[in-house]
Amino acid sequence: MSLTQGTRPNELRHGLQSVLQQRDVDLDVVCVGNGWDPSDLPDGVRPLYLHENVGIPAGRNAGAAAVRGDYIFFLDDDASVPSPTFLIDAVRRFTSDPSLGLIQPQVVDPSGAANPRRWIPRIRKGDPSRSSAVFSVWEGATMLPREIFDAIGGWGDPYFYAHEGIELAWRVWDAGRRAWYDGGLVAHHPAVSPTRHASYIRLNARNRVWLARRNLPAALRPIYVASWATVQLVRWWRHPARLIVWWRGLLEGFRTDCGDSRVMAWLTIARMALAGRPPVI
């Protein structure tokens, strides 16, 4: 499924066509208009009109509820998959390794521009073609078995934008599966900065706090928030205006309703730590 506000019609059509060209799979493709009535879609794509912009995670959840199939593939409206066997290759990864609960592919800018390091969601980035377990995901191209997506409750609706991919990965781990970065699968996406979204800095901070409140045991919440507050101070100490907005967002995270929580088990935290990254950094 693809979520869009209708602002990138050419990219949207290209991405949808790349899905429709997939081989050896049965497709049910839904395009969700987030405050936009989907029109001029390729044949074989069903529209779903949300009358207002409900945010990225809630919009994806609406699409997931409308689409049918054993697996759900989420593709941003400015992303595409260059290989016509992308989906069946991903399905084969899942069937050959039942421990997997989520796959994010390697992301490449097709124009040849430098690929942002954030697209490799691990601390030691290394070779982008190297696969590994991960504890957050770039949300623009992700695939999950339907049963896992339903079991973990889908994307976190309250976030609106930013960090919902961290929670999704954490909850996959808490369901007893692994979130996986697959360097052998490739998706295309332009190399653009997330700060193009006007509210990025505020939501980045607010949602860090919400992540802790929604998912971590009480003892770990201050450690997680403090670690990321330190990171931002190091990154932006020369940009006081950014830090002011970020700190306001942090306070908002403590003062506002973050929705329902699902505190992860200590066993999950141990599994994540053994796999390379406990959920406090």
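1. The buried residues of α5 are Glu164, Gly165, Ile166, Glu167, Leu168, Ala169, Trp170, Arg171, Val172 and Trp173, where buried means under 20% relative accessible area with a 1.4 Å probe and protein chains only. That is 10 of the 11 residues in this helix, which spans 164-174, so α5 is mostly covered. Helices here are DSSP runs of H or I with at least four residues, strands are E runs of at least two, and both are numbered from the N terminus. Just after α5, glycine 176 has a positive phi of about 90°.

2. A word on provenance: this is a predicted model, with local features needing pLDDT of at least 70 and side-chain atom pairs counting only at pLDDT 80 or more, while totals for chains, interfaces and linings use all residues. Residues are numbered from 1 along each chain as its sequence is written, and side-chain values use heavy atoms, leaving out hydrogens and water.

3. Now the core. The largest nonpolar core holds 81 residues, and Phe73, Phe74, Leu144, Trp170 and Tyr224 have the most contacts inside it. Such a core is a set of buried Ala, Val, Leu, Ile, Met, Phe, Trp, Tyr and Cys residues joined through side-chain atoms within 4.5 Å. Its largest share, 8 residues, comes from α6.

4. Phenylalanine 73 touches Met1, Val19, Val81, Phe86, Leu87, Ala141, Thr142 and Met143, leaving aside residues up to four places away in sequence. Contact means heavy atoms within 4.5 Å.

5. On to the α6 and α7 pair: α6 (residues 200-215) packs on α7 (residues 221-236) at about 160°, axes 8 Å apart. Axes are lines fitted to C-alpha atoms, for helices over the stretch in contact, and angles run from 0 to 180 degrees between N-to-C directions. The two are therefore roughly antiparallel (over 145 degrees). Ile201, Arg208, Val209, Leu211, Ala212 and Arg213 of α6 meet Arg221, Tyr224, Val225, Trp228 and Trp236 of α7.

6. Helix α8 (residues 240-255) comes next, its axis within 10 Å of that of α7 and crossing at roughly 165°. Again, α7 and α8 are therefore roughly antiparallel. From α7, Val225, Trp228, Ala229, Gln232, Leu233 and Trp236 meet Pro240, Arg242, Leu243, Trp246, Trp247, Leu250 and Phe254 in α8.

7. Take a look at lysine 125 too, in the loop between β5 (100-108) and β6 (132-134). Lysine 125 is buried, at 16% relative accessible area. Not counting residues up to four places away in sequence, lysine 125 touches Arg117, Arg118, Ile120 and Arg130.

Definitions and conventions
Angles under 35 degrees count as roughly parallel, over 145 as roughly antiparallel, 65 to 115 as roughly perpendicular and the rest as oblique. Buried means under 20% relative accessible area, exposed over 50%, partly exposed in between (1.4 Å probe, protein chains only).
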